[in-house]
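This report describes a single predicted model.

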Amino acid sequence: MAMDYSRLQDILKTNGTTIYKLNAEKVIGSATRQKLLGQVSGGIDSRTIEALCKRLNCQPGDFMTYVPDDP
């Protein structure tokens, strides 16, 4: 199972911010930034999802997509 965060870039652009600004504002940490950019694997926790939704005024499904493993 994997999550795809590729739609996050569109939401960031709509909100006039960047993933690096969110990191500087301490909305997300460096490890989460790397996960969201696809530089490292792993998930993000629910507190981070909540912080992103609050800061970007969106819902989790707006920037996260579930990608099932191939059987």
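The structure holds 2 salt bridges, a salt bridge being a side-chain nitrogen of Lys or Arg within 4 Å of a carboxyl oxygen of Asp or Glu. Side chains of opposite charge can pair when their charged atoms come close. The model is predicted, and local features need pLDDT of at least 70, side-chain atom pairs count only at pLDDT 80 or more, and totals for chains, interfaces and linings use all residues. Residues are numbered from 1 along each chain as its sequence is written, and side-chain values use heavy atoms, with hydrogens and water left out.

| Salt bridge | Distance, N to O |
|---|---|
| Glu25 and Arg55 | 2.8 Å |
| Arg47 and Asp45 | 3.2 Å |

Glu25 and Arg55 meet through their side chains. Because Glu25 lies in the loop between H2 and H3 while Arg55 belongs to helix H4, this pair ties together parts that are 30 residues apart in sequence. Helices (H or I, at least four residues) and strands (E, at least two) are DSSP runs, numbered from the N terminus. Accessibility is classed by relative accessible area: buried means under 20%, exposed over 50%, and partly exposed in between (1.4 Å probe, protein chains only). Glu25, at 40% relative accessibility, counts as partly exposed, and Arg55 counts as partly exposed at 31%.

**Helix H4**

Which residues of helix H4 are buried? In this helix, which spans residues 46-56, they are Thr48, Ile49, Leu52, Cys53 and Leu56. Seen down the axis of H4, the buried residues fall within an arc of 135 degrees, so they line one face of the helix; the arc is that of the directions from the helix axis to the C-beta atoms. An α-helix has 3.6 residues a turn, so residues three or four places apart point the same way. The face turned away from the buried side of H4 carries the exposed residues Ser46, Arg47, Glu50 and Lys54.

The cover over the buried residues of H4 includes helices H1 (8-14), H2 (19-24), H3 (30-36) and H5 (60-63), where contact means heavy atoms within 4.5 Å. Asn57 follows H4 and has a positive phi, near 50 degrees.

**The largest pocket**

The largest pocket has a volume of about 220 Å³. On a 1 Å grid over the protein atoms alone, a pocket is an open set of points where a 1.4 Å probe fits, with protein on both sides within 12 Å along at least five of seven lines; lining residues have an atom within 4 Å of a point. Of the 15 lining residues, Ala2, Met3, Tyr5, Gly42 and Gly43 are the closest to the centre of the pocket. Strand S1 (2-4) and H3 are the elements that give two or more residues to this lining, and S1 supplies the largest share, 3 residues. By class, the lining has 9 nonpolar, 4 polar and 2 charged residues.

**Two further sites**

Ser6 lies in the loop between S1 and H1 and is partly exposed at 47% relative accessibility. Pro68 is placed in the segment after strand S2 (65-67) and is partly exposed, with a relative accessible area of 48%. The C-alpha atoms of Pro68 and Leu52 are separated by 23 Å.

How values were computed:
Grid points are joined across faces, edges and corners, and a volume is the space filled by probe spheres set on the points. Ala, Val, Leu, Ile, Met, Phe, Trp, Tyr, Cys and Pro count as nonpolar, Asp, Glu, Lys and Arg as charged, and the others, Gly among them, as polar.
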